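Here are my notes on this one, point by point. Have the model open while you read.

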Amino acid sequence: MPKLRGEAFWRETLRSAHYVVAPMVDQSELAWRLLSRRHGAQLCYTPMLHAQVFLRDANYRRENLYGEACPEDRPLIVQFCANDPEVFVQAALLAQDYCDAIDLNLGCPQMIAKRGHYGAFLQEEWDLLQRMILLANEKLSVPITCKIRVFPEIDKTVKYAQMLEKAGCQLLTVHGRTKEQKGPLAGVASWEHIQAVRKAVSIPVFANGNIQCLSDVEECIRKTGVHGVMTAEGNLHNPALFEGRNPLVWEMAEEYLEIVQKYPCPLSYVRAHLFKLWHHTLQVYQQLREELAKVKTLEGIVDVNRELKLRCQEEIANQKEGEKPKEGLPFFHWICQPYIRPGGTEKCVRGKRALEEDEDGNSELLSKNKQKKKLRNPNKSFDPTLKPKYAKCDQCGNPKGNKCVFNMCRGCCKKRAFKETADCPGHGLLFKTKYEKSLLWQSSQTGIQNPEITSERPLLPWAKETAISRALSAL
């Protein structure tokens, strides 16, 4: 059967999906996808998977995709981050039988993406992206799609989208923010950019950004003309968003926890989901926030949800007639509702990243984790210019050992020292020393002198291998 493309792919394979749940690291696992599908989601993505790790690690494949078969979890798109055409395609070939399309992540703006050289930090490398998509389009049996962020200039964003379409992209998701717009600086996504892309390409387009409720979805489709709308945070705070409902937070939690019992996932995922679902309620019941953070079992989380339910029901019973929600919320805190992220103002930035004064009176922008570390160790400096610069291993590029005789990291040094039967005191590797001791011990047992030390005759290969094995076992 020929591979479907463009509109036909969206219409037949993706069943004309309008309501889409975004790929979210550690947050769009199977259990959450099933919950979202029950409440109106028509298409889901896996979390972003690292192509290189997926290719080399069978456990990673099993945990993220090869787990229990679930027919309800379709249509499904698997998203990869990658920066090498061959690695990307080889990973995609291992995943294509478990999904309906492969998506290339070109939208992640986080620092880890910058360090790993993927996501939105590839958006200037058009030659590389063309090669990746061309190869994937040629080799894969399922369509290739892309998720991008916009450039500040609409014209450049349009040319970028057209380049991806020409290379073989069959569906494009456009997040209407630049890679600099993230966290407290996220601001409002530009639907104008999305509308321009939709008009300029012939493949289906999904919009992403500014989606907090069903009316936002409808307005976005009307204004931009896109085929579907993707949401991330809106879905995390209200999984019933696509139904146009605002259910009770504990009801959504109960349903999710039941699915997790059937399709287990790491407890950290569950905890993160409930922190989102209960965001407004945990502002009221701080003790439950601490209990959720400390609990170590799924049963313990179920107990916390039960306690939250009882407290909210008691509050509802004692509610006065005509009482309105506090803190400017549209609904009472026990109802699923959006969390409005602060805008990119100076005031909001300071609220998210408090400014500290160092001993010289200079302001330093610190994250909350670094603020905690500074409290524990007031003399610690977080100035990146003062961090030590590490020399790189001659073999792999990781930091080398300062006293390594080969100028390598420990892993590379161990391989070379073993191969050459050499010592590296800097890494505590004594292959040569232990080998020679083994030879001396052998000669003392046989009553003859060590042939390798006292003569030019080489040791028999089997004897040398045995000696090295003994040396290794002693490490």
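1. Starting with the second largest pocket: its lining splits by class into six nonpolar, five polar and four charged residues. Here Ala, Val, Leu, Ile, Met, Phe, Trp, Tyr, Cys and Pro count as nonpolar, Asp, Glu, Lys and Arg as charged, and the others, Gly among them, as polar. Before going further, some bookkeeping. This is a predicted model, where local features need pLDDT of at least 70 and side-chain atom pairs count only at pLDDT 80 or more, while totals for chains, interfaces and linings use all residues. Residues are numbered from 1 along each chain as its sequence is written, and side-chain values use heavy atoms, with hydrogens and water left out.

2. Who lines that pocket? There are 15 lining residues, and Val284, Lys326, Glu327, Leu329 and His333 lie nearest the centre. Helix H14 (residues 279-284) gives the largest share, four residues. The volume is about 350 Å³, taken as the space filled by probe spheres set on grid points joined across faces, edges and corners. (A pocket is an open set of points on a 1 Å grid over the protein atoms alone, where a 1.4 Å probe fits, with protein on both sides within 12 Å along at least five of seven lines; lining residues have an atom within 4 Å of a point.)

3. Next, H12 (residues 249-262) and H13 (residues 267-277): their axes come within 10 Å and cross at roughly 165 degrees. That makes H12 roughly antiparallel to H13 (over 145 degrees counts as roughly antiparallel; under 35 is roughly parallel, 65 to 115 roughly perpendicular, and the rest oblique). Axes are lines fitted to C-alpha atoms over the stretch in contact, and angles run from 0 to 180 degrees between N-to-C directions. Helices are DSSP runs (H or I, at least four residues), as are strands (E, at least two), numbered from the N terminus.

4. On the H12 side, Val249, Met252, Ala253, Tyr256, Leu257 and Val260 meet Tyr269, Val270, His273, Leu274 and Leu277 of H13, contact meaning heavy atoms within 4.5 Å. This contact has 10 nonpolar, one polar and no charged residues.

5. H12 also packs against H2, at an angle of about 130 degrees with the axes 9 Å apart. That makes H2 oblique to H12. Ala31, Trp32, Leu34, Leu35 and Arg38 of H2 touch Met252, Glu255, Tyr256, Ile259 and Val260 of H12. The class count is eight nonpolar, no polar and two charged.

6. H15 (residues 286-294) and H16 (residues 298-317) pack at about 170 degrees, axes 10 Å apart. The two are therefore roughly antiparallel to each other. Gln287, Leu288, Glu291 and Leu292 of H15 make the contact with Ile301, Val304, Glu307, Leu308 and Arg311 of H16. Its residues divide into five nonpolar, one polar and three charged.

7. Two backbone spots to check. Most residues other than glycine have a negative phi, and most peptide bonds are trans. Asp26 is not a glycine, yet has a positive phi of about 60 degrees; Asp26 sits in the loop between strand E1 (19-21) and helix H2 (30-38). The Arg74 to Pro75 peptide bond is cis, with omega near 0 degrees, and Pro75 is in the loop between helix H4 (58-64) and strand E4 (76-81).
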